[in-house]
Amino acid sequence: MIDGLYILLGLAAMVVGGDLLVRGSVAVARGLRVPPMIIGLTLVGFGTSAPELVTSLQAALSGSPGIAVGNVLGSNIGNVLLILGIAALVSSIAVDRRALMRDGTMLLLATGLALWALTSGDIGRLAGAGFIVVLGAYLTATLVAERRRSTAAGAVYMGEADLLPTRPQRLWPAILMALAGLALTIFGARLLVGGAVGLAAAAGVSETLIGLTIVAIGTSTPELVTSVMAVRKGEGEVAFGNIIGSNIFNLLGILGVTALVAPIQVPAEVLELDIWVMLGTTLLLLLFAVTGARVSRGEAAVLLAGYAAYLGWLILQA
């Protein structure tokens with residue numbers, strides 16, 4: 001009972017903390033006159049993945065690699081099947097193929113690198129550093145390309161920045177908001193990981209299963225809020241871009257930083273099913289995006305049914 005309470009309190013703290021962190025960081029960036037495209041690409045696009053990052057780091061440092069890896073894989077699977085499914089069910093999502101060419105290709109590369117590292121059995125500091133270098137190169141290339149000429153992908157990132165209120169805010173309050181959000185996110189992650197470890201032991205299931213389900217769904221809440229908000233504003237391409245950007249950062253940024261701080265021993269059970277489900281959902285995402293240049297409500301139903309089937313299988317195998 002107490003472990004469930006820790007999980008709920010941890011998730012609540014991370015949701016509030018993550019929101020404060022992103023809003024405070026964006027307010028600071030706007031105060032410093034950072035271009036909207038950069039804000040969308042970095043602070044908003046990747047800032048929504050802060051709960052996943054802090055949780056995986058906390059789990060790895062606590063000796064719970066199953067939660068660390070399960071959180072990343074489960075978040076990527078959930079982002080596509082659950083969050084994109086819900087967003088596209090609200091309204092079909094148009095996809096800009098020019099933006100998809102660059103970011104979709106990067107997602108495939110990130111997925112391939114993650115599969116290579118995961119199937120090796122452990123992700124060491126060298127692999128973690130390599131992931132971060134690849135992510136940094138992608139961000140740099142994106143920013144350089146945008147300085148030369150505006151692209152469709154850049155318009156998506158600017159749309160992500162525009163999702164947040166543009167009301168001017170003084171610099172120091174914005175900095176304090178961001179720091180408070182970071183502290184609350186870290187505190188929430190500690191509660192969440194502690195509760196998840198306790199729940200796994202009490203229920204007699206693996207920590208990886210808890211990471212793939214409860215932890216992954218909870219830490220993906222910011223992506224859900226951002227995607228639904230974008231769709232309701234008629235900016236479906238922003239919702240789609242947010243999910244692709246989040247999945248890229250999960251694989252390269254979160255696995256990279258986590259492995260650099262605390263090398264990860266990959267649980268054998270994720271090699272049997274979950275990494276292949278992640279690969280399948282990534283390919284399905286790109287297939288739906290290419291065919292008809294949109295994700296329709298019918299395809300949304302397929303995604304949600306797939307997620308229900310995946311969760312059902314995990315529960316049956318527990």
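Q: Let's start with D103. Buried or exposed?
A: D103 is buried, with a relative accessible area of 9%. Buried means under 20% relative accessible area, exposed means over 50%, and partly exposed is in between (1.4 Å probe, protein chains only).

Q: What kind of model is this?
A: This is a predicted model: local features need pLDDT of at least 70, side-chain atom pairs count only at pLDDT 80 or more, and totals for chains, interfaces and linings use all residues. Residues are numbered from 1 along each chain as its sequence is written, and side-chain values use heavy atoms, leaving out hydrogens and water.

Q: Back to D103. What does it form a salt bridge with?
A: With R102; their closest N and O atoms are 3.7 Å apart. A salt bridge here is a side-chain nitrogen of Lys or Arg within 4 Å of a carboxyl oxygen of Asp or Glu. R102 is partly exposed, at 25% relative accessibility.

Q: How many salt bridges in the whole structure?
A: The search finds one.

Q: New topic. How many helices and strands does the protein have?
A: It has 14 helices and four strands. Both are DSSP runs, numbered from the N terminus: helices are H or I with at least four residues, strands are E with at least two.

Q: And how much of the protein is buried?
A: Of its 318 residues, 53% count as buried.

Q: Pick a helix. What span should α10 have?
A: Helix α10 covers residues 221-232, twelve residues, so at 1.5 Å a residue it should span 16 Å. Its end C-alpha atoms are 17 Å apart, which agrees. The expected span is 1.5 Å times one less than the number of residues.

Q: Which residues of α10 are buried?
A: P222, E223, T226, S227, V228, A230 and V231.

Q: What covers them?
A: The cover includes α3 (50-61), α4 (65-90), β1 (93-94), α9 (207-219) and α11 (236-261).

Q: What comes just after α10?
A: G234 does, with a positive phi of about 75 degrees.

Q: Over to N79. Where is it?
A: N79 sits in helix α4. It is buried, at 0% relative accessible area.

Q: Which residues is N79 in contact with?
A: Beyond neighbours within four places in sequence, N79 contacts L84, S220, E223, I243, S246, N247 and N250. Contact means heavy atoms within 4.5 Å. E223 is also one of the buried residues of α10.

Q: Which side chain makes a polar contact with N79?
A: That of N247, at 2.7 Å. A polar contact is a pair of N or O atoms within 3.5 Å; within protein, one must be able to donate a hydrogen and the other to accept it, and residues adjacent in sequence count only if both atoms are side-chain atoms.

Q: Where is Q265?
A: In strand β3, residues 264-265. Q265 counts as exposed, at 52% relative accessibility.

Q: What does Q265 touch?
A: P65, G121 and D122, not counting residues up to four places away in sequence. Its side chain reaches the backbone oxygen of G121 at 3.3 Å.

Q: Last one. Where is L9?
A: L9 is in helix α1, residues 2-31. It is partly exposed, with a relative accessible area of 44%.
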